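Grab a viewer and follow along.

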Amino acid sequence: VYVARMSLALAGMLVLLPGCSVISDTLEGPPKAASVKPGKDRREAPDFTLKDVNGQTVHLADYRGKVVLLDFWATWCGPCKIEIPWFKEFERENKDKGFAVIGVAMDDEGWDVVKPFAQNMQINYRLVAGNDAIAQKYGAFVPGPPMKPGEVNSIDALPTTFLIDRDGKIAAVHVGLSAKNEFENGIQELLKASGNPAVPALLVRAN
Amino acid sequence: LFAQTNPILTVAPPAKTVVKRNSEATSKISVTLGEGYHVNSNAPHESYLIPLKLSWTPAPLAVEAVAYPKARDEKYEFSDQPLSVFTGNFEIATKFKAPADAPAGVTILAGKIRYQACNNTMCFPPKTVEVKLPVEIQ
């Protein structure tokens with residue numbers, strides 16, 4: 001499934017940039033870096049077209065104006081299982097404030113394994129089936145150089161989680177199991193920002 | 001890409017196995033995991049975890065048994081319960097049997113090790129490593 005992969009050196013990298021956490025020493029420890037990048041350093045999150053568990057098409061652009069937690073995970077990933085209850089809580093507590101969690105399932109077996117797992121975990125947020133294309137698009141935002149010149153990183157280490165601001169820009173990247181309060185702080189910081197929500201397409205049609 | 005410079009899991013080229021027709025021989029495959037990494041054992045405690053598995057295309061031999069090392073139960077930051085894992089260096093033994101009509105000579109048996117590795121904070125997609133085992137049938 002994975003075409004190009006991050007190096008082990010990257011996986012173990014300890015250099016922290018603002019908004020980019022790699023590994024936390026403890027689950028509840030204090031953030032090691034700013035929760036989110038400054039607005040000027042944020043880059044546009046790649047749009048995607050993926051199917052959810054009901055077969056409905058999901059575009060990231062549909063979430064413009066909302067803060068989005070985009071979580072790349074898989075059923076075989078133990079650290080991902082730790083974070084899922086946190087994301088359920090974030091969804092429950094913030095969905096009415098312009099926030100949404102989207103889980104991108106990277107299992108090769110697709111919904112056959114993801115659906116029962118999600119039911120068992122009582123996941124309350126939207127899940128989409130991931131693929132190579134989205135892994136490569138978002139892999140480009142994972143800190144660290146590509147292993148081979150000319151190649152791009154792909155999402156390889158799971159979980160990898162992106163916080164996307166209301167303007168559709170990537171404000172933070174978390175590679176591996178991160179501290180719950182790093183996510184919380186980032187979400188709250190982004191929710192406070194007014195952003196520049198796109199006007200819904202139906203309202204801008206010329207009369 | 002990982003496998004080219006700093007692999008999580010490496011398999012040493014196995015020594016030639018010599019087996020007489022109508023008898024058995026055991027081959028050992030040596031596996032090394034990078035420091036800080038583990039793979040699920042051949043029998044993980046949790047059903048959602050992907051086990052390590054060695055499989056063979058054994059012809060002209062037959063596989064009698066594959067013996068995995070004793071797994072270790074280890075507790076990780078991300079798991080409530082200890083996980084059944086392999087770490088460090090370990091060997092997987094395969095007992096082959098050569099049929100009475102097996103052709104004499106040297107051949108290469110193809111094997112595959114499928115595994116899924118993690119460290120204490122992240123996991124990597126399942127991968128398959130090919131194993132080529134030289135066998136001399138006498």
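Let's start with the cysteines: counting over all chains, there are two disulfides. Keep in mind as you look that this is a predicted model. The pairs and their sulfur distances are in the table.

| Disulfide | S to S distance |
|---|---|
| Cys77(A) to Cys80(A) | 2.2 Å |
| Cys118(B) to Cys123(B) | 2.1 Å |

Take the chain A bridge to begin with. The S-S torsion of Cys77(A) and Cys80(A) is about 80 degrees, so this disulfide is right-handed. Are its two cysteines buried or exposed? Cys77(A) is buried, at 0% relative accessible area, and Cys80(A) counts as buried too, at 1%.

Now the chain B bridge. Here the torsion about the S-S bond of Cys118(B) and Cys123(B) comes to about 100 degrees, so that disulfide is right-handed as well. Cys118(B) and Cys123(B) are both buried.

The model scores ipTM 0.85 and pTM 0.83. Chain B has a mean pLDDT of 93, with 96% of its residues reaching 70 or more. Where does chain B stay under 50? That happens over residues 1-5 of chain B, a stretch for which the model has 15 contacts beyond four places in sequence.

**Chain A**

On to the overall layout of chain A, which has five helices and nine strands. Reading from the N terminus, its elements go α-β-β-β-β-β-α-β-α-β-α-β-β-α. The chain has 207 residues, and 54% of them count as buried. If you take the contacts in chain A with a separation of 6 or more, 72% are between residues 24 or more positions apart.

One helix pair deserves a look. Helix 2 of chain A covers residues 78-94 and helix 5 of chain A covers residues 180-192; their axes come within 11 Å and cross at roughly 25 degrees. Since angles under 35 degrees count as roughly parallel, helix 2 of chain A is therefore roughly parallel to helix 5 of chain A. The crossing of helix 2 of chain A past helix 5 of chain A is right-handed.

Which residues do the meeting? On the helix 2 side of chain A they are Glu83(A), Trp86(A), Phe87(A), Glu89(A), Phe90(A) and Asn94(A). Facing them from helix 5 of chain A are Lys180(A), Phe183(A), Glu184(A), Ile187(A), Gln188(A) and Leu191(A).

**Chain B**

Chain B has another make-up: one helix and twelve strands. Along the principal axes, the C-alpha atoms of chain B fill a box of roughly 55 × 30 × 20 Å.

Of the 138 residues in chain B, 44% are buried. As for contacts in chain B between residues at least 6 apart in sequence, 71% join residues at least 24 apart.

As background, most residues other than glycine have a negative phi, and most peptide bonds are trans.

In chain A, the peptide bond from Leu158(A) to Pro159(A) is cis, with omega near -5 degrees. To find Pro159(A), go to the loop between helix 4 (132-139) and strand 8 (160-164) of chain A. Chain B has a cis peptide bond from Ala59(B) to Pro60(B), where omega is near 15 degrees. Pro60(B) sits in the loop between strand 5 (53-57) and strand 6 (62-67) of chain B.

Then there's positive phi. Gln122(A), a residue other than glycine, has a phi near 55 degrees. It belongs to the loop between helix 3 (111-121) and strand 7 (126-129) of chain A, and Gln122(A) is exposed, with 61% relative accessible area.

In chain B, Asn22(B) has a positive phi near 65 degrees, and this residue is not a glycine either. Look for Asn22(B) in the loop between strand 2 (17-19) and strand 3 (23-33) of chain B. Is Asn22(B) buried or exposed? Asn22(B) counts as exposed, at 53% relative accessibility.

Key. Residues are numbered from 1 along each chain as its sequence is written. Chains are lettered from A and ligands numbered from 1 in the order in which they are written. This is a predicted model: local features need pLDDT of at least 70, side-chain atom pairs count only at pLDDT 80 or more; totals for chains, interfaces and linings use all residues. Side-chain values use heavy atoms; hydrogens and water are left out. A disulfide is a pair of cysteine sulfur atoms within 2.5 Å. Buried means under 20% relative accessible area, exposed over 50%, partly exposed in between (1.4 Å probe, protein chains only). pLDDT is the predictor's confidence in each residue, from 0 to 100. Contact means heavy atoms within 4.5 Å. Axes are lines fitted to C-alpha atoms, for helices over the stretch in contact, and angles run from 0 to 180 degrees between N-to-C directions. Helices (H or I, at least four residues) and strands (E, at least two) are DSSP runs, numbered from the N terminus. Angles under 35 degrees count as roughly parallel, over 145 as roughly antiparallel, 65 to 115 as roughly perpendicular and the rest as oblique. A crossing is left-handed if the near helix is turned anticlockwise from the far one by less than a right angle, and right-handed if clockwise.
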